[in-house]
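Student: Could you take me on a close look at one part of this protein, starting from its surface?

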Amino acid sequence: MAGFAESIRNIWEIEDLRNRILYTLGLLVVYRFGTYVTLPGVDAATLADVNAQSGTAGIFGFLDMFVGGAFRQAGIFALGIMPYITASIIIQLMGAVVPYFQKLQREGEDGRRRITQLTRYGTVGITALQSIGYAINLSYGQTGTAIVIDKTLFMITTVLVLTSGTVFVMWLGERISEKGIGNGISLVIMVGIIAFLPQSLFNEIDINGDNIFIVLIEIGVWVLVTAGVVLVSQGMRRIPVQYAKRVVGRKSFGGSTQYLPIRVNAAGVMPIIFAQSIMFIPGTFASFMPDNEMAQQIGAWFGEIDSVGYSVLFFVIVVFFTYFYTAITVNPQQMADTMKRQGGFIPGIRPGKQTSEFIDTILTRITLPGSVFLGFVAILPSFAMAFGVTQGFAMFFGGTSLLILVQVTLDTLQQIESHLLMRHYDGFMKSGKMRGRRV
């Protein structure tokens with residue numbers, strides 16, 4: 001505890017790091033305030049009564065968690081940063097198949113700047129389309145009673161306000177990444193998820209108030225699962241790489257052994273996001289066909305997230321997308337070419353094609369336990385609900401919520417660690433295994 005307090009004092013003594021953290025917290029507070037500002041033309045009290053009676057489930061509940069409750073409350077940040085994430089994924093996937101985007105990826109800083117610009121344009125277009133659907137969904141049904149202005153005017157203002165809100169949130173995220181600490185976009189998502197945790201924990205305690213021992217067991221299991229996710233997220237296979245010794249004038253370069261890190265979970269949280277989006281598609285289509293009995297049955301089956309069939313299908317899709325996303329984001333051939341240009345080689349493996357095949361084999365083998373673990377984490381909320389945990393608190397036992405919380409927290413701690421070590425202070429976690437300390 002004394003070491004932790006000393007690290008906090010060191011952080012506060014470094015003016016640049018202190019300003020970055022305060023700047024980040026200030027912008028996150030601005031974002032949280034914005035989630036409570038209701039769209040023009042919406043009666044917030046009436047909408048709250050309707051939500052209290054109907055609740056939010058399915059894909060709408062999933063989106064609501066990512067934007068910190070703004071989706072239910074019809075806030076100006078109701079779509080949050082998700083359109084930007086969607087645009088980024090589309091651009092990234094196109095980079096694997098479209099030659100133009102492949103060329104941009106190889107152009108260095110200029111290419112990245114152009115890709116960022118295209119991602120912003122894509123964010124505006126996707127937000128405009130999604131805001132139209134959001135306005136239509138809000139205007140009809142029980143929530144339509146909360147609209148107090150003309151529906152045509154409401155449609156126009158909603159599209160303008162939601163698009164502007166998402167662009168503003170995107171700007172906040174970019175400012176945090178540039179002048180703050182951590183990845184701004186990821187921090188915005190994490191703050192929205194954390195906003196649900198206190199209320200979910202309070203509801204769990206309220207329901208099991210007569211037996212607090214059950215709540216303590218649930219919290220203990222949650223801590224163990226979180227520790228397991230941290231362990232796998234940090235886990236990697238280090239391939240030794242030997243660099244040839246070169247003599248330039250009177251100086252010699254190279255001749256050292258370094259390591260090529262291959263992460264156990266190279267795909268991160270993206271496979272679960274893809275899989276969860278696919279599992280929500282049947283229920284979403286069923287909501288647009290209320291009179292079709294078959295559609296309603298299919299939608300009801302996909303809505304039973306605590307059923308065995310749903311969990312098995314979800315697990316298989318997560319494993320598939322883990323391999324798929326790893327294949328399009330990790331390029332063994334590019335690694336081998338870069339290594340060859342820099343005069344590096346893996347001991348016992350010829351440079352070029354054999355190196356690429358060796359890395360691909362290692363990647364395929366190490367992705368298997370990573371994908372199985374990711375699939376298991378994805379269906380953990382279903383197991384938690386089967387043992388009596390409320391749905392709100394069960395979402396933090398695994399799935400997208402837990403992975404985002406863990407990975408964003410680790411990334412932010414690593415950045416703080418690097419700032420401390422760069423200024424000759426002890427690291428933020430002296431006894432831990434942060435990758436920044438090892439480097």
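Tutor: L129, I132, I136 and Y140 make a nonpolar surface patch of about 420 Å² (areas by the Shrake-Rupley method, 1.4 Å probe, only the protein chains shown counting as cover). Patch members have over 30% relative accessible area and no salt bridge, with nonpolar side chains joined within 5 Å and like charges within 9 Å; a salt bridge puts a Lys or Arg side-chain nitrogen within 4 Å of an Asp or Glu carboxyl oxygen. This is a predicted model, where local features need pLDDT of at least 70, side-chain atom pairs 80 or more, and totals for chains, interfaces and linings use all residues. Residues are numbered from 1 along each chain, and side-chain values use heavy atoms, without hydrogens or water.

Y140 sits in the loop between α7 (109-139) and α8 (151-179); helices are DSSP runs of H or I, at least four residues, numbered from the N terminus. Y140 counts as exposed because its relative accessibility is 55% (exposed is over 50%, buried under 20%, partly exposed in between).

Follow α7 and α8 onward: each supplies at least two residues to the lining of the second largest pocket. About 1400 Å³ of space lies in this pocket. Of its 40 lining residues, Q92, N183, S186, M270 and Y325 are closest to the centre.

Conventions. Buried < 20%, exposed > 50% of the residue type's maximum accessible area, 1.4 Å probe, protein only. 1 Å grid on protein atoms, 1.4 Å probe; cavity = no way out; pocket = protein on both sides within 12 Å on 5 of 7 lines; lining within 4 Å. Points joined across faces, edges and corners; volume = space filled by probe spheres on them.
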